[in-house]
Structure formats: C-alpha cells, structure tokens
Amino acid sequence: MNTLSRRDFLKLSGLGLASLMATPLNFDSDDPFDLQQGRVTVRTVWMHEKPTTQAAKVKLLQRDAIFNITNTAVSEDTDTHNRIWYHAGDEGYVHSGNIQPVRTTLSQPYTGNIPKEGLIAEVCVPYSDAFTEPSTDSEVGYRIYYETIHWVKALVAGTTDGQSWYQIRDDKWDELYYVRAGHLRILTPEELAPISPDVSNRDKKIIVRLGQQLVTAYEFNIPVFSVPVSTGGRLRSGTYTTPQGNFTTDYKRPSRHMAAGDIAASGFDLPGVPWVQYITKSGISFHGTFWHNDYGRPRSHGCINLSCAAAKWLYLWSSPTVPLNKEFSYGGVGTKVEITA
C-alpha cells in the first residue's frame, strides 16, 4: 500500500496534469485533506479494513452518505483500471469509483442585481434539496449535487424561516424550485473567462481515444490538457457506443437537465449536468459527471464523461464562447473533435 500526496490524488481523480497547471489550487490549511469529503453515488458501498476488496468489510455506506477523506491509497491489485482508494481515518478505506470528492463550503447570498436571464451558480455543498417553495415544509422536487450548475433567477426570503433562498429554473421542464442560498455559489465573469482566447480556433482540436479512455486537447498539435474519461459502455439496458469520426463542439450550454429511460433499468434523471458540449444531433456530448468517479473505463450512455473540473476546463477552452446571459450557444463555429478507436 502506498500513500499519495494531494497533487497525486487530484491527478488520479481526473483533473490531469494540464488542468492542475491551468487551475491554481488554494488550500486554507496546512493539511491538504482538511475538509475533504466523499459522497456515495450509488445505492450502497462497503468500507473495508484495508484498500482491497479482499479485506474485511467494516461498514456499509448508503447513497449520499458523507465521510471525511483523510488520505488516499493505491491498491496492490493490478488487474483493475482504478486502483485508487480513499482513506477514511480510523474507519477504513472506500474504493474511489463510486465516491464523488466533495467539500462543504457555505456561500454568502449574492446581494447584487440578478438579471431576468439569471446567473449561473455551482452547488458548493455535497448536496442540497430543491423545494417547490422556499420552505423545508414544501415538497422536494429534486436533490442537486456538488459542482452541478443551475440558473439562479432570484433571491427570496423563506416563507417560514425568513432565511435566504435562491429561486432556480429547471431548464428541461421549465419549473421553478428553491434552494438554500448558502448552498449555491454564483460564478463570476472572471471565473468563466475563455481559456487561451489568443489561440485561433483552427489551431485547437480535441482527440478522444476510446481504447485508452483518454481525452487530449491540442494547441498547434501540442497537447495542453489530458484527462481520463468514460465513454459508451455495456449497461443493463443495452450496449451504448460513442461514435468514431470527426465532429465539432458547435452546441454548448453550461448546464442541462438530462433525463431518459427507466431509472430502474439504466435510465437517468440528472438535473444540472455541468459544462455540456454536444457533438451529434442525437445528443452525444462532453459533460461533467457527478454520479461516478470511475474514469478510465467505458460506462456511459454514449457521452464522454469527465470530472466536473475537467469538463469546465474543456468547455472554457473550446469554441464557441457562450455569453454569460445565454443558456446555450448553437450553430457557431465549434472546435474540431476527433474520436478514434
């Protein structure tokens, strides 16, 4: 068993070396794992005594259970594509594949002007419930998760507690919901500025290598960003493939509620999927992923799953640039995409 540094942890979690260089990381503690948490993304996972499935099971964790990540470890099992385990202090170890790395960082409510088009915001806690009214006594419409993106339409006072709530709009059903304002962080124009705007779009390209489960961005044929991904795989409801060929990112949106099929049979209902770049009319896209952390093997419905941070980098780097007051950009000149075997 080998322990990892914080830098190695982030690289193996899907951010990649180039994104580490492109996105400075700021920590408020001498302990790089201070406040680092993990959220269970599936029905149940086992915590083990050691970082291997052969070790004794010490605790069963249910979906959305939150635990503190104190370190990481590399399993000695070389037969798996993902050898990373999360160390939960004295409790044990959990395999990283179905654990979303999260933090709980409450945000101050935004007191500036919110335009009628709305502002985009990121969930900054492991999860938050979106209610039909600004009150915890009302019905829950959806649970929204860490690093998902949502359109904030207004800041309102709670009907029962007087606390601050954001009104958010669901872009698929055109419904309004209410979320604790402290659970969402309004993204700034500086944070959403294009990456490498001085490089012409004709000198940029994205290559997806299905065999390696790898996405690499190039400027002047030089790789500037590379991360593991998950593409189309074999699921209970069928086999899904990511098409090979040449495409462009001509339809982009910062957030999309994606839903299809029967949830009990590999269907999905996922509000706030972040940093979406469609490349086919059938809906194949690059996008951030919060329902697994198991990059490096095929397991999607055909889309190209990236970590939310990696998807955001690629979204800001590629063309076209989506205006801050627009829900999407469609029909512009996109960045070239090559998908190979």
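1. Is strand S18 largely enclosed or exposed, and how many of its six residues are buried? Five of the six residues of S18 are buried (under 20% relative accessible area, against over 50% for exposed and partly exposed in between, with a 1.4 Å probe and protein chains only), so the strand is largely enclosed by the rest of the structure.

2. The model is a predicted one, in which local features need pLDDT of at least 70 and side-chain atom pairs count only at pLDDT 80 or more, while totals for chains, interfaces and linings use all residues. Residues are numbered from 1 along each chain as its sequence is written, and side-chain values use heavy atoms, with hydrogens and water left out.

3. Strands here are DSSP runs of E with at least two residues, numbered from the N terminus, and two of them pair if DSSP finds at least two bridges between them. Five strands make up an open sheet of mixed pairing, ordered S19-S18-S17-S28-S22. Its edges are S19 (222-228) and S22 (245-248), each of which pairs on one side only.

4. Strand S18 (residues 214-219) runs antiparallel to S19, and six bridges join them. Leu 214 is opposite Pro 228, and Val 215 is opposite Val 227. In the hairpin of these strands, with two residues between them, Phe 220 has a positive phi near 55 degrees.

5. Strand S17 (residues 204-209) also pairs with S18 over six bridges, in the antiparallel sense. Here Lys 204 faces Glu 219 of S18. Four residues lie between the strands of this hairpin, where Gln 213 adopts a positive phi near 50 degrees.
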